[in-house]
Amino acid sequence: MGSGGIPVPADYDGDGFCDAGVFTDSSGRWQVRDVTMVSFGTSSDWPIPGDFDGDGTVDIGIFRGTSGLWAIRGYTRAYYGRQDDWPVPGDYDGDGIEEIAIVRPCTGLWAIRDATRLYYGTCLDWPRPADYDGNGTDDIGIFREQNGLWAIRGTTRAYFGRMGDIPATR
């Protein structure tokens with residue numbers, strides 16, 4: 001993480017529209033336009049907004065790799081993962097609730113808590129889960145910057161993008 005703001009747009013107020021949000025990782029401050037400003041997290045945390053309780057609004061959350069802590073403001077705390085893991089929360093089972101999940105980049109391990117463990121991707125891939133096929137569940141996907149490959153497990157492979165691009169899905 002750096003010392004600047006990380007964009008965290010999402011529907012924090014449940015009105016069906018995406019709200020502009022920023023997590024300032026140097027201070028752990030969340031600012032969501034016209035919704036809230038709150039301190040939650042520290043400089044070493046990854047912001048992980050998502051609907052972890054299934055109420056239709058996005059919750060403020062962090063992943064602290066040094067301890068594997070997942071902390072969802074006002075809802076829960078859990079331990080899953082370790083220092084070099086990347087958080088990849090998503091609704092992998094289609095129940096409307098984000099699952100806790102990690103990718104261990106250099107091994108390609110995807111681990112979805114209480115659900116599955118599988119290998120997909122390589123050390124240089126960007127994990128990019130999203131609902132690529134429109135069936136209401138997030139799919140495991142990667143972007144390989146070196147050649148612009150988008151590979152969605154069990155669905156498709158396509159080439160779009162180039163070196164230096166930052167893949168965006170939501």
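Modeller: What follows takes the salt bridges one by one, then the cavity and the pockets.

This is a predicted model, in which local features need pLDDT of at least 70 and side-chain atom pairs count only at pLDDT 80 or more, while totals for chains, interfaces and linings use all residues. Residues are numbered from 1 along each chain as its sequence is written, and side-chain values use heavy atoms, with hydrogens and water left out.

Side chains of opposite charge can pair when their charged atoms come close. A salt bridge here is a side-chain nitrogen of Lys or Arg within 4 Å of a carboxyl oxygen of Asp or Glu. By this rule the model has 3 salt bridges.

One of them joins the side chains of Arg64 and Asp45, with N and O 2.7 Å apart. The pair links distant parts of the chain, 19 residues apart: Arg64 belongs to strand S6 (residues 61–64), and Asp45 to the loop between strand S4 (36–39) and S5. Strands are DSSP runs of E with at least two residues, numbered from the N terminus. Arg64 has a relative accessible area of 24%, so it is partly exposed. Asp45, at 0%, is buried. For these terms, buried means under 20% relative accessible area, exposed over 50%, and partly exposed in between, with a 1.4 Å probe and protein chains only.

Another salt bridge is formed by Arg104 and Asp85, whose closest N and O atoms are 2.6 Å apart. Arg104 lies in strand S10 and Asp85 in the loop between strand S8 (76–79) and S9, so the pair ties together parts 19 residues apart in sequence. Both Arg104 and Asp85 are buried.

The remaining pair to describe is Arg144 with Asp125, where the closest N and O atoms are 2.7 Å apart. Arg144 is partly exposed because its relative accessible area is 22%. Asp125 has a relative accessible area of 6% and is therefore buried.

The surroundings of Asp125 can be given in more detail. Its side chain has a polar contact of 2.7 Å with the side chain of Arg144. A polar atom of the Asp125 side chain also lies 2.7 Å from the backbone nitrogen of Thr122. A polar contact is a pair of N or O atoms within 3.5 Å; within protein, one must be able to donate a hydrogen and the other to accept it, and residues adjacent in sequence count only if both atoms are side-chain atoms. Leaving aside neighbours within four places in sequence, Asp125 is in contact (heavy atoms within 4.5 Å) with Ile142, Phe143 and Arg144.

Asp125 is also one of the residues lining the largest cavity, with Thr122 and Ile142 among the others. On a 1 Å grid over the protein atoms alone, a cavity is a set of points where a 1.4 Å probe fits but cannot get out; a pocket is an open set with protein on both sides within 12 Å along at least five of seven lines, and lining residues have an atom within 4 Å of a point. The search of the whole structure finds 1 cavity of 30 Å³ or more. About 50 Å³ of space lies in the largest cavity, a volume being the space filled by probe spheres set on the grid points, which are joined across faces, edges and corners. Its lining has 7 nonpolar, 3 polar and 1 charged residues. In this scheme Ala, Val, Leu, Ile, Met, Phe, Trp, Tyr, Cys and Pro count as nonpolar, Asp, Glu, Lys and Arg as charged, and the others, Gly among them, as polar.

Of the open spaces, the largest pocket holds about 1200 Å³. It is lined by 36 residues, and Pro7, Pro47, Pro49, Arg128 and Arg170 lie nearest its centre. By class, its lining has 23 nonpolar, 7 polar and 6 charged residues. Strand S1 (5–7) gives the largest share of that lining, 3 residues.

The second largest pocket has a volume of about 170 Å³. Its lining includes Phe52, Glu98, Glu99 and Arg113, and divides into 4 nonpolar, 1 polar and 4 charged residues. Glu99 is in the loop between strand S9 (86–87) and strand S10 (101–104), and is buried at 12% relative accessibility. A polar atom of its side chain lies 3.5 Å from the backbone nitrogen of Asp93.

Terms used: Helices (H or I, at least four residues) and strands (E, at least two) are DSSP runs, numbered from the N terminus.
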